[in-house]
Amino acid sequence: MEAPPVSVMPVTGGSINMMEYLLQGSVLDQALESLLHRLRGLCDNMEPETFTDHELVYLLKGQQGNPFILRARHSLSHLAAPWHLRYLGQPEVGDKSRHALVRNCLDVSASHSLPDVLNEMGFRMDHEFVANGHVFRRGALKVVVSKLSRVLVPGNTENTERLSLSYLVELSVLAPAGQDTVSEDMRSFAEQLKPLVHLEKIDPSKQRH
């Protein structure tokens, strides 16, 4: 099964269990430069970080319930960098007063043998994709603008096909549990990006893994 990812945050360091606050949207290819120009004016880094990452999504199916999902990601532009293993928990949807989607997030560094280890544990790769784009930061806020491409031949990141004629835009904050005030900061920042992009609290029930 081939499907776009739930999140395409680029590889970053860290091994702490945190909550991820997330807003998502998209912008057409022809509007990309206008959005990047706006972000340069709003964010701390006028010139964004760039990334090209390869992500593999693994499933472990149990006897009942939803499968357990892990995401293995590595950089294609920095091949010596470690792999990263990411777990994203189920979104907390009960509190409708929150302006952002909230879910548990665990990100740990791993060796290059990570795919083999996951296979030995019984995980099976469901789909893989390449994400490349830009990262902006403003304090604790992170904005990722990325183009997603499906991998046509398993393991061959040179043979890809773009998923759409738009860029995925994600605004996120990693914070300890209970720091719900950050969602208000995110809402205020998202307002400054309109009408170039409308960042929303995406209903997870309408997304495919």
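A charge is taken to sit over a ring if NZ of Lys or CZ of Arg is within 6 Å of the ring centre and within 35 degrees of the ring normal. In this predicted model, lysine 147 lies over the face of tyrosine 167, at 4.6 Å from the ring centre.

**Salt bridges**

Side chains of opposite charge can pair when their charged atoms come close. The whole structure contains 12 salt bridges; the table lists some of them.

| Glutamate 49 | Arginine 137 | 2.7 Å |

Glutamate 191 is partly exposed, with a relative accessible area of 39%, and lysine 194 is partly exposed at 33%. Elsewhere, salt bridges with shared partners join Glu20, Arg86, Arg103 and Asp107 into one network.

The salt bridge between glutamate 49 and arginine 137 joins two strands: glutamate 49 belongs to strand β2 (residues 49-60) and arginine 137 to strand β6 (residues 124-138), so the pair ties together parts that are 88 residues apart in sequence. Glutamate 49 is partly exposed at 37% relative accessibility, and arginine 137 is partly exposed at 30%.

Glutamate 184 and arginine 187 both lie in helix α3 (residues 182-191), where they are 3 residues apart, about one turn of the helix. Glutamate 184 has a relative accessibility of 31% and counts as partly exposed; arginine 187, at 32%, is also partly exposed.

**Aromatic pairs**

The structure holds 2 aromatic pairs. For phenylalanine 68 and tyrosine 87, the ring centres are 5.3 Å apart and the planes meet at 15°, so this pair is stacked. Phenylalanine 68 is in strand β3 (residues 68-75) and tyrosine 87 in strand β4 (residues 83-88), and the pair links distant parts of the chain, 19 residues apart. Phenylalanine 68 is partly exposed, with a relative accessible area of 37%, and tyrosine 87 is partly exposed at 26%.

Phenylalanine 68 also pairs with phenylalanine 123 in a tilted arrangement, 6.2 Å centre to centre with 55° between the planes. Phenylalanine 123 lies in the loop between α2 (114-120) and β6, while phenylalanine 68 is in strand β3, so the pair ties together parts that are 55 residues apart in sequence. Buried means under 20% relative accessible area, and phenylalanine 123, at 3%, is therefore buried. The ring pairs link Phe68, Tyr87 and Phe123 into a cluster.

Notes: Residues numbered from 1 in each chain as written. Predicted model: local features only at pLDDT ≥ 70, side-chain atom pairs only at ≥ 80, totals over all residues. Heavy atoms only, no water. Salt bridge = Lys/Arg side-chain N within 4 Å of Asp/Glu carboxyl O. Helix = DSSP H or I, 4+ residues; strand = E, 2+ residues; numbered from the N terminus. Buried < 20%, exposed > 50% of the residue type's maximum accessible area, 1.4 Å probe, protein only. Phe/Tyr/Trp six-rings, centres within 6.5 Å; stacked < 30°, edge-to-face > 60°.
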